[in-house]
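Dear colleague,

Please find below the structure that I am handing over to you. My notes on it follow directly after.

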Amino acid sequence: MEKVRLKIYGMTCEDCKLKIQNYLKNHEGIINVNISLDENSGELIIDESKINVNIIPNLDIFSGKSRYRARVIDHEKI
Amino acid sequence: MKKYDLIILGGGSAGFSAALRAVEFGAKVLIIEENVIGGTCVNRGCIPSKYLLYASEMAGTNNMKNIKGIEVKTSFNIKKIMQQKKSIIEKLRKEKYENLLEFYKNIDYISGKGKFVEHGIKVNDKVYTADKYIIATGSSTSLPDLKLKGLKLFDVDDVLNIKKIPESIGIIGGGYIALETAEILSNFGSKVTIILRGERILRKLLDPDISQAIEDYLQNKGIKIIRNAKLSNIYKNNKKTVELIRNNETQTLSFDEILIATGRKPNIDLDLEKMSIDFNENGIIFDDNLRTTNPDVYVAGDVTNKKMLVTVAAKQGTIAADNALFGKNTTINYDLVPYAIYINPQISGVGLTENEAKKRNIKYDVRTLNNSILPKANTMNMTYGLVKMLIDENENIIGFHGFAPYIAEYVTEATIAIKFRLKPSDLIDTVHPYPTMSESIKLLAQSFYKDVTKLSCCAE
């Protein structure tokens with residue numbers, strides 16, 4: 001498993017936070033999600049055998065016409 | 001001290017494009033610009049040069065020779081022309097740049113020369129830091145390695161701010177700036193001589209047949225072209241004199257003014273080493289994602305020393321912001337960037353030339369069409385020039401280039417054809433408006449399969 005810290009752009013309200021949180025929670029390979037609206041950040045626990053950390057900024061919720069973007073700050077094995 | 005998500009060095013098209021992408025998703029951005037806001041395009045490039053090309057075309061009588069029975073006598077006041085140019089620049093600079101700073105509250109702007117320090121950028125004696133940085137400092141005229149002893153030569157900025165049209169001008173260089181300047185000054189009445197180091201104009205950009213057609217047109221217009229000339233000296237006597245070596249012989253030519261248009265170089269006097277950003281004689285080193293050797297620093301615009309076009313600059317700005325801030329790994333396909341040079345007729349194209357296809361060992365087939373067979377060109381009696389199209393082994397269109405009236409307006413059709421891997425048959429099957437210059441794209445496509453000089457209007 002890996003712990004991934006994200007910088008998240010584009011969140012303006014609690015709804016944004018929940019939208020991102022729900023999307024990530026339901027994504028294969030993402031085990032736990034903790035999003036901070038105040039700090040524009042997120043902490044994920046992922047199963048790296050099911051999802052590559054570099055895929056995360058390119059998920060639909062952070063791409064194309066979505067209002068949100070994310071960047072991986074760092075990640076470590078746990 | 002306020003910490004930013006992104007600091008951008010340079011407030012031109014690349015810098016603003018990056019800033020706009022960043023603030024679209026709530027990032028906090030600082031732009032630092034040394035010169036006037038807006039960069040080269042609006043202040044010292046596309047906008048003033050295109051205005052002067054149009055103004056000079058209106059002022060000159062050269063281009064009305066095509067219609068018989070019309071006699072035009074023009075006169076012009078260069079001071080008034082320059083005043084109008086200034087107000088057009090000011091209007092566009094305000095609408096496209098200054099107003100954006102008021103509208104986008106997440107963009108801060110500082111006027112001053114920014115340089116890297118160990119963990120940030122110092123400007124006006126203050127240090128600013130950010131998570132990521134984009135260098136978008138543009139380019140400036142590259143001068144030849146000659147001792148000029150205080151002799152003032154023209155660069156493109158001097159032409160764009162000209163106060164008096166010189167009786168004669170020697171233009172050193174055969175690129176797009178040389179050509180557009182030659183057109184402007186020739187239209188305004190200067191005797192223009194283009195001095196080339198190589199054999200032909202636009203040597204790096206175009207195939208020889210298109211260069212030849214352009215040279216024929218320029219010479220017909222009274223512009224002299226000198227080839228294979230090595231510049232050995234420039235000095236002042238009663239005029240300004242260039243000393244050239246051609247075929248081992250020295251030749252001197254005197255002009256009222258001399259324009260240096262031998263290229264542009266990236267602006268990288270930024271103390272790059274302070275943040276471990278590597279560079280060499282060609283400029284900053286970066287990868288396909290526009291990332292420098294410091295993973296927190298990206299580049300965009302002319303400073304990349306790639307195709308120096310505002311379209312590329314803006315695209316690179318967006319991509320640099322996406323990659324720097326938003327974890328993307330986007331790249332640019334430079335083959336899909338059309339170029340345009342706005343002499344009249346225009347020069348434009350996209351994709352591979354024959355020269356480039358050969359260099360890459362790509363097997364191709366090519367067709368060339370003289371504009372004289374186009375009904376639209378005939379209705380304007382502007383039948384000079386040519387267009388050409390390249391296809392690869394799979395019959396996918398891979399290149400379109402030409403010298404033709406208004407070609408920059410319809411090169412986009414070829415760009416889309418190349419981008420979406422269309423074949424000539426796709427274009428033939430598409431009804432084109434008639435009579436238009438853009439019909440040449442359909443006729444080129446048809447010419448891969450039949451003799452288009454033996455077709456009635458619009459026939460397939």
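The paragraphs below set out the conventions first and then the findings.

This is a predicted model, in which local features need pLDDT of at least 70, side-chain atom pairs count only at pLDDT 80 or more, and totals for chains, interfaces and linings use all residues. Residues are numbered from 1 along each chain as its sequence is written, chains are lettered from A and ligands numbered from 1 in the order in which they are written, and side-chain values use heavy atoms, with hydrogens and water left out.

As to confidence, the model has an ipTM of 0.89 and a pTM of 0.92.

Chain A contains four strands and one helix, arranged along the sequence as β-α-β-β-β. Here helices (H or I, at least four residues) and strands (E, at least two) are DSSP runs, numbered from the N terminus. The radius of gyration of chain A, taken over C-alpha atoms, is 11 Å.

In chain A, 63% of the contacts (heavy atoms within 4.5 Å) with a separation of 6 or more link residues 24 or more positions apart.

Yours sincerely

Notes. Rg over C-alpha atoms; globule rule 2.2 N^0.38 Å.
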